[in-house]
Amino acid sequence: MKYLVLLAVLVVAFGIWRSRRRAEAVSSSEARRPLALPQDMVACAHCGVHVPQADAVVLAGHTFCSAEHRDRGAA
């Protein structure tokens, strides 16, 4: 009878250990998301700093790094 209880305890412990390994595998695969695609960089017409094209402020064909530099104009 004691061997049956020992076997039951081992089966439960193995089940818990296996379920935790699966949870760790799922969380680590979520952490390995693919990186974002590279973006084109443009230079600010005022200071020359390069910023992603999506973040640049455009005015009259010139690109600027911020609204402040847009207001100051091209150098």
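Asp-71 is exposed, with a relative accessibility of 59%. Here exposed means over 50% relative accessible area, buried means under 20%, and partly exposed lies in between (1.4 Å probe, protein chains only). The model is predicted: local features need pLDDT of at least 70, side-chain atom pairs count only at pLDDT 80 or more, and totals for chains, interfaces and linings use all residues. Residues are numbered from 1 along each chain as its sequence is written, and side-chain values use heavy atoms, without hydrogens and water.

Which residue does Asp-71 form a salt bridge with? The partner is Arg-70, and the closest N and O atoms are 3.4 Å apart. A salt bridge is a side-chain nitrogen of Lys or Arg within 4 Å of a carboxyl oxygen of Asp or Glu. Arg-70 is partly exposed, at 29% relative accessible area.

## The chain as a whole

The protein chain has 2 helices and 4 strands. These elements are DSSP runs, numbered from the N terminus: helices are H or I with at least four residues, strands are E with at least two. Read from the N terminus, their order is α-β-β-β-β-α.

The chain has 75 residues, and 12% of them count as buried. Now take the contacts between residues at least 6 apart in sequence: 13% of them join residues at least 24 apart. A contact means heavy atoms within 4.5 Å.

## Helix H2

Helix H2 covers residues 67–72. Glu-68 and Arg-72 both lie in it, 4 residues apart, or about one turn of the helix. Their side chains meet in a salt bridge, at 2.8 Å from N to O. The structure holds 2 salt bridges. Glu-68 is partly exposed at 46% relative accessibility, and Arg-72 is exposed at 53%.

Is His-69 buried or exposed? His-69 is buried, with a relative accessible area of 14%. This residue also belongs to helix H2. Setting aside neighbours within four places in sequence, His-69 is in contact with Cys-44, His-46, Cys-47 and Phe-64.

The structure holds 1 aromatic pair. Rings of Phe, Tyr and Trp (its six-membered ring) pair if their centres lie within 6.5 Å; planes under 30 degrees apart are stacked, over 60 edge-to-face, and the rest tilted.

Phe-14 and Trp-17 are separated by about one helical turn, because they are 3 residues apart in helix H1. Phe-14 is partly exposed, at 48% relative accessible area. Trp-17 is partly exposed too, at 45%.

## A nonpolar surface patch

Which residues form a nonpolar patch on the surface? They are Met-1, Leu-4, Val-5, Leu-7, Val-9 and Val-11. Together they have about 650 Å² of accessible area. Patches are made of residues with over 30% relative accessible area and no salt bridge; like charges are joined within 9 Å, and nonpolar side chains (Val, Leu, Ile, Met, Phe, Trp, Tyr) within 5 Å.

Leu-4 is one of the patch residues. Leu-4 lies in helix H1, which covers residues 2–31. At a relative accessible area of 55%, Leu-4 is exposed.

Note on methods. Areas by Shrake-Rupley, 256 points an atom, 1.4 Å probe, with all protein chains shown as cover.
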